[in-house]
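Please read it with the structure open beside you.

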Amino acid sequence: MADEGRITVTIKYGKSLDDSWAVFRGSAEQVEQDIASFFGLNCESVTNLSLSELVVEATQAAQSTAAIVRGLGARIIPQPASGPTPPQDTATGGLLEQIERCASTDALKALWATNQAAFADQAVMDSWKARGRALKAAA
């Protein structure tokens, strides 16, 4: 059977062979959906990203999570079966302020890692991305 139109994307959680990795295979559209689902990304927040940009975002998320787990000895705590609780206006406002106060991309990544559920809110995700672009431009 031919593999025409099928792609493979591998996202690694680190540089070591012992680090975890996730492999996605299928059409570009299927791989995009699978990556968004696997990483719990809001489909609306990734709609305007190319597959390449989505892979970069997912890789940064994976590597940031792994770095926090390794560096802080943290553990991944699964979301309750009912799903993530949408952020409240005051929580979102506080998070938006925290995003603006981040002085480095590493600080932004750490903020994302500790508040992943809140990033389902498009305003939070847009603010986070804009701050990241501003920090990169200033560097």
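1. The second largest cavity is lined by Lys12, Ser16, Leu17, Asp19 and Trp21, and by class this lining has 2 nonpolar, 1 polar and 2 charged residues. A cavity here is a set of points, on a 1 Å grid over the protein atoms alone, where a 1.4 Å probe fits but cannot get out, and a lining residue has an atom within 4 Å of a point. Its volume, taken as the space filled by probe spheres set on the points, is about 30 Å³, and the search of the whole structure finds 2 cavities of 30 Å³ or more.

2. Some limits apply to everything in this note: the model is predicted, local features need pLDDT of at least 70, side-chain atom pairs count only at pLDDT 80 or more, and totals for chains, interfaces and linings use all residues. Residues are numbered from 1 along each chain as its sequence is written, and side-chain values use heavy atoms, with hydrogens and water left out.

3. The chain has 6 helices and 2 strands, arranged along the sequence as β-β-α-α-α-α-α-α; these are DSSP runs numbered from the N terminus, with helices being H or I of at least four residues and strands being E of at least two. Of the 139 residues in the chain, 31% are buried, that is, under 20% relative accessible area with a 1.4 Å probe and protein chains only.

4. The largest nonpolar core has 16 residues, and those with the most contacts inside it are Val9, Ile11, Phe24, Ile35 and Phe39. Such a core is a set of buried Ala, Val, Leu, Ile, Met, Phe, Trp, Tyr and Cys residues joined through side-chain atoms within 4.5 Å. At least two residues of this core come from each of β1 (7–12), β2 (21–26), α1 (28–38) and α3 (51–72), and α3 gives the most, with 5 residues.

5. Which residues does Ile11 contact, leaving aside its neighbours within four places in sequence? They are Trp21, Ala22, Phe24, Ile35, Phe39, Val55, Ala58, Thr59 and Ala62, where contact means heavy atoms within 4.5 Å. A second, separate core of 13 residues includes Leu95, Leu108, Phe119 and Val124.

6. Thr65 is found in helix α3 and is buried, with a relative accessible area of 17%. A polar atom of the Thr65 side chain lies 2.9 Å from the backbone oxygen of Ala61.

Note on methods. Buried means under 20% relative accessible area, exposed over 50%, partly exposed in between (1.4 Å probe, protein chains only). On a 1 Å grid over the protein atoms alone, a cavity is a set of points where a 1.4 Å probe fits but cannot get out, and a pocket is an open set with protein on both sides within 12 Å along at least five of seven lines; lining residues have an atom within 4 Å of a point. Ala, Val, Leu, Ile, Met, Phe, Trp, Tyr, Cys and Pro count as nonpolar, Asp, Glu, Lys and Arg as charged, and the others, Gly among them, as polar. A polar contact is a pair of N or O atoms within 3.5 Å; within protein, one must be able to donate a hydrogen and the other to accept it, and residues adjacent in sequence count only if both atoms are side-chain atoms.
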